[in-house]
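Please examine the sequence and the structure below before reading on.

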Amino acid sequence: MLVHGGGEHVVQRIAVTDGARRELERTVRTADVLIRRLGVTRYPPELSRVVGYRPDGRAPFLVATRRGRPLSETADRLPLPPGEFWAVTDGVLTVLRHLGDLRLVHRDIRPENLWWDGTTVQLADFGLALDEGEPRGGAAGADPWRSPEQALGKGRADCRDDVYATGAVLFHLATGEEATAAAEMRDRVRWLDTSLRTLLDGVFTDEARHRVTGYTLQLRRDTQAGRSTTQGPGQVRPPRLAEREQQARQHFRELRARQRAFHERAHRPAYAPAPSPPPGGYPAPRPGRRQTVVVSVVLAVALIAVLTAVLALA
């Protein structure tokens, strides 16, 4: 840490290994993207800001802002008291909302990268960040925080990757326990108190496409805290542009799923085709019991008629 001022520290990171150099370069590129999208005046305090860097030379480095201390330093006093926990939760969900508005996937949300100064949670270290929709390009993040799809490293980055990590962090802060596999987490969430169980419902899924969004978590939390979306009697807060976009994309996914299901039903045969006969044809059917009885009766009647005719001629 170099200096203090304006409620923030300034820290310097030096890249020594090749992996650290690549993360530093990506952090710098992401910082440029954030400045272009947000501007200097609208840059939120919840996102760490790069204020200087040298990407080349023997020891590349960058200088970035930090607020407070990392949440990992609260490990010795977990679980957090309810008041502090919900204040931190509000801050983390604000971070998640900013990422969703920017359509940016951080991919490394964990206590070490979430800094807390008592009023604001700030997200740091964008060395693994991708724009939503970019190929994941391999496994990223750290266990036990990363989502199952990040561990596999396949497909394309999704903002809901960060929702899973956020849920794992909140579970850790509330219970003092680390997250486990997604299937086990779904069972563990059922034993939490009502407020936290409701908030984390639908977070620990095996795939991002089945997971709730960050906007859904924010809406749940606002409802729990009495921060309704109304601005006055009968007045509803208009949804943000990013919220409208997220809703439209979800609606599009649902329509595509329905379209695929319709085409599958349309191309499915109404009945199973008759099996082709085996080589040489089918064997002649054996006569049934009823058919045998009928034939026997006919033969008996014919025999009686013949005997009667013979007796009559005699």
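## Basis and confidence

This is a predicted model, in which local features need pLDDT of at least 70 and side-chain atom pairs count only at pLDDT 80 or more, while totals for chains, interfaces and linings use all residues. Residues are numbered from 1 along each chain as its sequence is written, and side-chain values use heavy atoms, with hydrogens and water left out.

The pLDDT, the predictor's confidence in each residue on a scale from 0 to 100, has a mean of 85 for the protein, and 77% of residues reach 70 or more. Confidence is highest in helix 4 (residues 159-175), at a mean of 98, and lowest in strand 11 (residues 235-236), at 42. Residues 1-5 have pLDDT below 50, and this stretch has 12 contacts in the model beyond near neighbours in sequence. Contact here means heavy atoms within 4.5 Å. Over residues 230-237 the pLDDT also stays under 50, with eight contacts beyond four places in sequence. Helices (DSSP runs of H or I, at least four residues) and strands (E, at least two) are numbered from the N terminus.

Helix 2 is largely enclosed by the rest of the structure, because 16 of its 21 residues are buried. Buried means under 20% relative accessible area, exposed means over 50%, and partly exposed lies in between (1.4 Å probe, protein chains only).

Helix 2 (residues 82-102) packs with helix 7 (residues 214-224) at an angle of about 145 degrees, and their axes are 9 Å apart. Axes are lines fitted to C-alpha atoms, for helices over the stretch in contact, and angles run from 0 to 180 degrees between N-to-C directions. Among the residues that meet are Trp86, Asp90 and Arg97 in helix 2, and Tyr215, Leu217 and Arg221 in helix 7. The residues of this contact divide into five nonpolar, five polar and four charged. Nonpolar covers Ala, Val, Leu, Ile, Met, Phe, Trp, Tyr, Cys and Pro; charged covers Asp, Glu, Lys and Arg; the others, Gly among them, count as polar.

## Helix 1

Helix 1 (residues 18-38) has 21 residues and reaches 30 Å from its first C-alpha to its last, close to the 30 Å expected. Its buried residues are Leu24, Thr27, Val28, Thr30, Ala31, Val33, Leu34 and Leu38. These buried residues pack against strand 2 (8-14), strand 3 (50-54), strand 4 (61-66), helix 2 and strand 6 (104-105). Just after helix 1, Gly39 takes a positive phi of about 80 degrees.

## Backbone features in the loops

Most residues other than glycine have a negative phi, and most peptide bonds are trans. Arg103, although not a glycine, has a positive phi of about 55 degrees; Arg103 lies in the loop between helix 2 and strand 6 and is partly exposed, at 33% relative accessibility. Asp125 is not a glycine either, and has a positive phi of about 60 degrees. Asp125 belongs to the loop between strand 8 (121-123) and strand 9 and is partly exposed at 22% relative accessibility.

A cis peptide bond joins Leu78 and Pro79, with omega about 0 degrees, and Pro79 is placed in the loop between strand 5 (69-70) and helix 2. The bond from Asp143 to Pro144 is cis, with omega near 5 degrees; Pro144 is in the loop between strand 9 (130-131) and helix 3 (148-152).

Note on methods. The expected span of a helix is 1.5 Å times one less than its number of residues.
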